[in-house]
Amino acid sequence: MQLQSEPIRVLVTGAAGQIAYSLLYSIGNGSVFGKDQPIILVLLDITPMMGVLDGVLMELQDCALPLLKDVIATDKEEIAFKDLDVAILVGSMPRRDGMERKDLLKANVKIFKCQGAALDKYAKKSVKVIVVGNPANTNCLTASKSAPSIPKENFSCLTRLDHNRAKAQIALKLGVTSDDVKNVIIWGNHSSTQYPDVNHAKVKLQGKEVGVYEALKDDSWLKGEFITTVQQRGAAVIKARKLSSAMSAAKAICDHVRDIWFGTPEGEFVSMGIISDGNSYGIPDDLLYSFPVTIKVWTGPKDKLSSQLGPSREEEYYRYLASDLSKAMSQDGASQFQEVIRQELELSVKKELEKILTTAPSHEFEHTKKDLDGFRKLFHRFLQEKGPSVDWGKIQRPPEDSIQPYEKIKARGLPDNVSSVLNKLVVVKLNGGLGTSMGCKGPKSLIGVRNENTFLDLTVQQIEHLNKTYDTDVPLVLMNSFNTDEDTKKILQKYNHCRVKIYTFNQSRYPRINKESLLPVAKNVSYSGENTEAWYPPGHGDIYASFYNSGLLDTFIGEGKEYIFVSNIDNLGATVDLYILNHLMNPPNGKPCEFVMEVTNKTRADVKGGTLTQYEGKLRLVEIAQVPKAHVDEFKSVSKFKIFNTNNLWISLAAVKRLQEQNAIDMEIIVNPKTLDGGLNVIQLETAVGAAIKSFENSLGINVPRSRFLPVKTTSDLLLVMSNLYSLNAGSLTMSEKREFPTVPLVKLGSSFTKVQDYLRRFESIPDMLELDHLTVSGDVTFGKNVSLKGTVIIIANHGDRIDIPPGAVLENKIVSGNLRILDH
């Protein structure tokens, strides 16, 4: 392909959004600017969307488009607007339900003043500017007036989507293609006040062009249903797919820009919002108005065509636009684009949350208010985040004494009166998760894991054993979520006669936010019906605020409790360790420790786990999401970062109270993207409990044995804990003394075993695994009773095959495949 020498620089704003996602490939493959025009594509979005934008950038790179000379993703206007040839301004503040037009104008005017000023300052004076973000006409004129050095004629706004919709309706009615229809007109504004006009439209029938009125012979449809269908098509799309038009909007942008670049076909005019100066239709000057337009060398509105709009209707439309403009230009002067977006988003979210709060029943009002206030604070911080939250150059290895080996802690022994330290302890289990990833309904803590005992059963047994052995009163606290609370409380009745006081509190309930608009999906406080997926529990970092708000924190402090031991309920290795507790209650240097994180040695299976570092004089948990891309491989290095966080944490109650009341608990935000069942893309903002370590004084890491990290996340993990590798005593699992190696085998069960029900069906009994090193099972495989697995065993049933391991089989260093051929490994 012979390329023109000079690439053009094309900007798309709102580049992480769904319209841009549908648009960018067409720009990059030559469909808009021609097959011989190289392009530098610049993608602009707000800072919180930069992670998403990175994904878009990767996809464009992976398309391997020869015309794309460079793709630049940025949140900085001085980079985005520099030396532009074309600016396609897609991003804008969306209209919320119940939002008045004046509020929509106010929000967007600030944005487009900023962008107009940036165009004026950084772009070429010949730049062609296409405004898509609504209200498009007013936004376009605002940008133009904020860029006085760029000719007004270079600004246009998109009404081509309405134009295409009108063509498509005519074509559908006549049973022809849209290409057979031309010269429809959209007058006025890109909104429901537009006027679709077919008085000059032609349609090709049997090789001849005839007027649309003549072809259809249905004046009542053309003057009624046709007009309302085009006017309300956008709303109809939203109602049907729960999202605004994206694919059709992107196609319309391509058509619009292509016509500006190459001109309109001979004998054809298109609809485009342009400056009204010098028009022959009686529309006042200085408005941005949709006219019929032909383009050779930018000619402006087509020569006078009579419209059937009628003088009164025309006057109504241009007054409407003039009113918008008057309101727009009366706003304050331009400020920085990013800050304007942040302010408007915060205001929009505040209003949405206030509306949601009004739907709360009186008995839930205060609790809901606390939740929504917490979300607002988190959202505010989210908007301030600027990429990876650590400066890699500041990361240092922790000082030697800041991560103690467990053996040193254990060597101090136990106090004479163990009960005295146990009575200062509260055990908290994180119980917010569902068992859906393992194919189970309800709380994950209620899945049977050993001898029909559930995670919760084993936890209660452990603490009851402590209380009975040492005559103590260690309480168990479950942090539930709104997903797990009801089912958990029902099951708690079975423990009424156990020697354990069980308390529960709920973590917060936060609204998921639309990935496009960054506004809450929820319309009311309900989490049933259409609101089922609108809410989420915001990660275990929420424990500090929720525990404080529940009143339990003050209750336990009043009872003389001093520490909580926090862990995931599915970590069967997270039992109360008396040596660690003694270290906390009787610190060797007399200086109390406010936060202890149990870490353990990293293996290649744990390379993504968070690690403890020294950062700005404090211990800090660094997660992989916080690491700059250039250093991710370094972060994964087992030789450099040798430990990872088990999420077994010991935390001072008094310190939690102090920091919570000072609003001083600092945790990095985890942005978790999700796709709801209806296809809506959302994000949920979460925090992790261990990230708060830097907020506490005299924090400590303890490098514990791997046996204290025994999470059950998959059925592969479940097979290990159900096997004879472990023995069960008073709710605690310990590695069998008959196992010669202290390491746990690597087990990988395939997708046929993902759900617990399928997994149980495929094992008549759990195999003997005492001498197993590695097991991989893939495909339709079943195990008979009393099977023994030793060394490395790989069993693969190809598609359509089934492998039944017979009862009593002993597989040692074997590969089993197909028709039960057993080969030496």
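**Exercise 1. Which residues is I130 in contact with, leaving aside its neighbours within four places in sequence?**

Before the solution, two remarks on the model are needed. The model is predicted, with local features needing pLDDT of at least 70 and side-chain atom pairs counting only at pLDDT 80 or more, while totals for chains, interfaces and linings use all residues. Residues are numbered from 1 along each chain as its sequence is written, and side-chain values use heavy atoms, with hydrogens and water left out.

*Solution.* Begin by placing I130, which lies in strand β5 (residues 128–131); helices (H or I, at least four residues) and strands (E, at least two) are DSSP runs, numbered from the N terminus. Next, take contact to mean heavy atoms within 4.5 Å. Leaving aside the neighbours within four places in sequence, I130 then touches V86, A87, I88, L89, S156, H256, V257 and I260. As a last step, consider accessibility, where buried means under 20% relative accessible area, exposed over 50% and partly exposed in between (1.4 Å probe, protein chains only). With a relative accessible area of 1%, I130 is buried.

**Exercise 2. Describe how helix α1 (residues 18–28) and helix α11 (residues 247–262) meet.**

*Solution.* Start with the axes, which are lines fitted to C-alpha atoms, for helices over the stretch in contact, with angles that run from 0 to 180 degrees between N-to-C directions. The axes of α1 and α11 come within 8 Å and cross at roughly 40°. To name this angle, recall that angles under 35 degrees count as roughly parallel, over 145 as roughly antiparallel, 65 to 115 as roughly perpendicular and the rest as oblique. The two helices, α1 and α11, are therefore oblique to each other.

Now list the residues: I19, S22, L23 and S26 in α1 meet M247, A249, A250, I253 and C254 in α11. Sorted by class, this contact of α1 with α11 has 7 nonpolar, 2 polar and no charged residues, where Ala, Val, Leu, Ile, Met, Phe, Trp, Tyr, Cys and Pro count as nonpolar, Asp, Glu, Lys and Arg as charged, and the others, Gly among them, as polar.

**Exercise 3. At what angle do helix α19 (residues 543–550) and helix α23 (residues 653–661) pack, and which residues meet?**

*Solution.* The angle between α19 and α23 is about 95°, and their axes are 10 Å apart. That makes α19 roughly perpendicular to α23. On the α19 side, Y544, A545, F547 and Y548 take part, and they meet L653, V656, K657, Q660 and E661 in α23. These residues of the contact of α19 with α23 divide into 6 nonpolar, 1 polar and 2 charged.

Then look along α19 itself, where I543, Y544, S546 and F547 are buried. Just after α19, G551 takes a positive phi of about 90°.

**Exercise 4. In what order do the strands of the open sheet of 8 strands stand, and which strands pair with β25?**

*Solution.* Strands of a sheet pair through backbone hydrogen bonds, either parallel or antiparallel. In this sheet the order is β15-β31-β25-β28-β24-β16-β19-β20, with mixed pairing. At the edges stand β15 (403–405) and β20 (502–506), each with a single partner strand, so one side of each is left without a neighbour in the sheet. From one strand to the next, the twist averages 25°.

Turn now to strand β25 (residues 595–601), which is mostly covered, since 6 of its 7 residues are buried. Two strands pair if DSSP finds at least two bridges between them. With strand β28 (residues 643–652), β25 pairs in the antiparallel sense over 7 bridges, and the partner of F595 there is I651. With strand β31 (residues 700–703), β25 pairs in the parallel sense over 4 bridges; in β31, E598 has I702 as its bridge partner, and V596 has L700.

**Exercise 5. How many helices and strands are there in the chain, and what percentage of its 825 residues do buried residues make up?**

*Solution.* Counting gives 25 helices and 40 strands. Buried residues make up 55% of the 825 residues in the chain. For the extent of the chain, take the principal axes, along which the C-alpha atoms fill a box of roughly 100 × 65 × 55 Å. Finally, among the contacts in the chain with a separation of 6 or more, 71% come from residues 24 or more positions apart.
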